[in-house]
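Here is a brief report on one protein chain. Look over the structure first, then read on.

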Amino acid sequence: MRHFGSRFTHIFLYEKVGPEAMKFTKMHGIGNDYVYVNAIEETIDNPSELAVRVSDRHFGIGSDGLILIRASEKADFMMDMYNLDGSRGKMCGNGIRCVGKYVYDHGLTDKKIITIETLSGIKTLNLTVKRVEDVEGYQGVSNNGKVVSHVTVNMGSPVFEPSEVPVKLAEGYSPSRLGSLIDVNPVKNPGLDPDQKVVTNMGMTFEYKDEYPGSREKTAFYYGTCVSMGNPHCVIFINDAKEDSLGRRALDLDVNDDGSQLGIDVFNVKGVGSLIEKSRYFPEQVNTEFVEVIDRSHVKMRVWERGSGETMACGTGACATTVACILNGKTDDEVTVSLLGGDLKIRWDREENTVFMTGPATTVFEGEY
């Protein structure tokens, strides 16, 4: 690998994998990083295999996955994403902001409101454009001296129906009515059905073993709220320590010696997240958000993403978290979600039943692979 550049320009040349090198751009949305490729011009024969190679942080470029930007017959562009394990993803909130930045900065469009086709539907992006010298990150590419700094994404409507999340209900659990959780006015909220089934505070048990020879099987118990934002999410509030009818304490793996709950900064995201990801409750696996509520306009969140493990941020997860907070009466409709990589502004417009996400998009470097 060869590296050329200054503090503003970083070019990496990796060993070629075929007769011609593939041009790529490394980008991130508050630390949720992907390798981006213009697949309108580049030919990618096996994107799943390529995603595994480029995502490796020791022997590849290093990322949470691969995102290909393709032509679309339905929208301005298409986002085709792959996780670091090669599995195909439907939607990524941080990733789609970077897609918006890529197509504008590289001159593929001059529009500041664009549409992106995803496997979760078409999303509308509103691009905030500034002078290239006023934006952090790599400054080697611009659209006539202008680049995108932030993007607001119309993330669409949250999905609650258990079969559409999808989530299998725990034995003995009955979903709540949406109208019993929040005020649903048929005039003000025409997009919301008060009789819609919602999975909130569903008790889930998980069997596990400690990582040493001869360990016995144990059972963990958690309460989750399940929402889809184009991909499945299970939101767990670490502040909530409850007991079920059998006396099993939620979050019993994650308490201090005095029995008090661990904070989000030291929460065992890997141990618990990996338990939930591939459990029997989620037929398509699940992204799990662990949330600490600070106040009615601010929460802290860490995420275990299916196919990728813990990441610095998850845009759809921040949206699902905000919706779950509102359903459980913990926050107002507009929330700052603080993740390991930075903050996102999330707003659930209940009159339109639409979730909006605003956050930065950053280019790190460009190169050839």
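Predicted model: local features only at pLDDT ≥ 70, side-chain atom pairs only at ≥ 80, totals over all residues.

The protein chain holds five helices and 21 strands. Of its 369 residues, 53% count as buried. The accessible surface comes to about 16600 Å². Carbon and sulfur atoms account for 45% of that surface. Take contacts between residues at least 6 apart in sequence: 60% of them join residues at least 24 apart.

Now to β3, which spans 23-29. Is this strand enclosed or open? Five of the seven residues of β3 are buried, so the rest of the structure largely encloses it. Buried here means under 20% relative accessible area. β3 pairs with β21 and with β4, as the table shows.

| Pair | Bridges | Direction |
|---|---|---|
| β3 and β21 | six bridges | antiparallel |
| β3 and β4 | five bridges | antiparallel |

On the β21 side, Lys26 has Phe365 as its bridge partner. On the β4 side, Met27 stands opposite Tyr34. β3 and β4 form a hairpin, with two residues between them. Ile30 lies in that turn and has a positive phi of about 40°.

β3, β4 and β21 each supply at least two residues to the lining of the second largest pocket. Its volume is about 290 Å³. Which of its 14 lining residues are closest to the centre? They are Lys23, Glu41, Glu42, Tyr102 and His106. By class, the lining has five nonpolar, four polar and five charged residues.

Definitions and conventions
Residues numbered from 1 in each chain as written. Heavy atoms only, no water. 1 Å grid on protein atoms, 1.4 Å probe; cavity = no way out; pocket = protein on both sides within 12 Å on 5 of 7 lines; lining within 4 Å. Points joined across faces, edges and corners; volume = space filled by probe spheres on them. Helix = DSSP H or I, 4+ residues; strand = E, 2+ residues; numbered from the N terminus. Nonpolar A, V, L, I, M, F, W, Y, C, P; charged D, E, K, R; others polar. Buried < 20%, exposed > 50% of the residue type's maximum accessible area, 1.4 Å probe, protein only. Contact = heavy atoms within 4.5 Å. Areas by Shrake-Rupley, 256 points an atom, 1.4 Å probe, with all protein chains shown as cover. Pairing = 2+ DSSP bridges.
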